[in-house]
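Subject: Structure handover

Hello,

Here is the structure for your files. My notes on what turned up in it follow below.

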Amino acid sequence: MKNRYFALATLALGALTSVALGQPDRLGIQSEPARDGMPGWHLGPSFPDPTGFTLVDPDGTVHVIPREERRAMMGGAPRVPGGESGPSCSHSIVCGRKGGAARGALARVEWDQNMGYKFSYPYVVPKGIGGVPSVALDSKGYLWVFKRAPAGVVQLMKFNPDHKLVLEVPESVIGHQDKPHGMAVDKNDNVWIVDNGLATVMKLSPEGKLLMTIGMKGHRGDWDEAKGQRLLWQPVMVGFAPNGDLYIAEGHANESPNDVDNDDPTNNIGAARILHLTADGKFVGQWFGDEVGQGKFDSTHGFAIDPTNGDIWIGDREQYRIVVYTGDGRFKKTFSMRNLVCALNFDHKGNPWMASGQDGQFLKLNRDGKVLGAVGNGMGVGTGQFTEASYWVFDPHDNLIAGDTSVGRVTVMSK
């Protein structure tokens, strides 16, 4: 069975190569050499996204489960664990067009690796289907792992600095997370988890005790402080200001905008937004991405707070851009990128980085959005590859630790 899964994944990649590389026929530039301090790049193929239907060996080897076997593993459910995040995008040009290129046939921008990182898999995530969309590291070196999994299977777990599993948080504490998404640890080592599907953010103690829930589980909607209405709309990630304030990024990729004409009066804005709260959950303010003029964004999939000045960096994933605001919501600048901006982070020296999503890499940037270096072997399930490079953390030595939204393994990238 092991060899069968590997063979199927290999054949699938080979079958898609010619299709994926067909997209550059309409693109003016297919590669560029290194220049002006930037590494070279080239267009590569997509890999068939296993959407979490994988099994991972202790050494990190990934086995893609054949499509015809997947429904049985979900108890007859039609899709991978991960749930629904809301209705499809509507009423906007950003929703795409009929007849466009299929996502699985896109050409991927892959940068030449020039930073000397190696890949290892010391964390053994309990075997079972489902990807790892996010990880978080506390001040003592304990790693939290947030996994998409079928109901009844542990989704939130904690590993000690020796990479051993030491805590599993059961559904009796956090319930089943319909679509696990972002996660972060605050200065007191509390862990915050985001359920994009059921529209909640939960705060847990270092021991896994539930301390706070923001939003109403299963009720996606708008935050209206004047009405005492405190709902979340497609939350995707959280971040902490230097003073401890909490920011919640809301609006997930091409599912935005929607909800603009439904019958629920508590949920009709239908646009990506940033919500600003104090550390104890009190409202400070919010701003939206659908304003006319500069600073627009229709997704907040990438999200990080600049530790040097408190600026808010937003990764507008499907629009291939980064939008920067001050901590109080004043627009500063926008960068256009060659890659999907799936996640953002800052290393301990204050340098900005981004994860390129299905392009399968982590990119070091300067503060003008210029790519300075790349880590990762592109899209796939091989060593150093990612089917979706997303939320990750830096250890104290600025080694990278990352999950994979479509694969249940954790990769350590170290020099």
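A304 is positioned opposite W313, a residue of strand β22. Please keep in mind that this is a predicted model.

The sheet

β22 covers residues 312–316 and pairs with β21 in the antiparallel sense, over four bridges. These two strands belong to an open sheet of four, in the order β21-β22-β23-β24, with antiparallel pairing. β21 (302–305) and β24 (331–336) are at the edges; each has a single partner strand, so one side of each has no neighbour in the sheet. From one strand to the next, the twist averages 15°.

Aromatic rings

How many aromatic pairs does the structure hold? The count is 12. A pair of this kind is described by the distance of the ring centres and the angle of the planes. One of the pairs is formed by W313 and F335, with 5.7 Å centre to centre and 55° between the planes. This pair is classed as tilted, because planes under 30 degrees apart would count as stacked and those over 60 as edge-to-face. W313 lies in strand β22 and F335 in strand β24, so the pair links distant parts of the chain, 22 residues apart. Are these two residues buried or exposed? Both W313 and F335 are buried.

Elsewhere, W353, F362, F386, W392 and F394 are linked into a cluster by ring pairs.

A charge over a ring

K158 has its charged end over the ring of Y142, at 5.0 Å from the ring's centre.

Regards

Notes. Residues are numbered from 1 along each chain as its sequence is written. This is a predicted model: local features need pLDDT of at least 70, side-chain atom pairs count only at pLDDT 80 or more; totals for chains, interfaces and linings use all residues. Side-chain values use heavy atoms; hydrogens and water are left out. Two strands pair if DSSP finds at least two bridges between them. Axes are lines fitted to C-alpha atoms, for helices over the stretch in contact, and angles run from 0 to 180 degrees between N-to-C directions. Rings of Phe, Tyr and Trp (its six-membered ring) pair if their centres lie within 6.5 Å; planes under 30 degrees apart count as stacked, over 60 as edge-to-face and the rest as tilted. Buried means under 20% relative accessible area, exposed over 50%, partly exposed in between (1.4 Å probe, protein chains only). A charge sits over a ring if NZ of Lys or CZ of Arg is within 6 Å of the ring centre and within 35 degrees of the ring normal.
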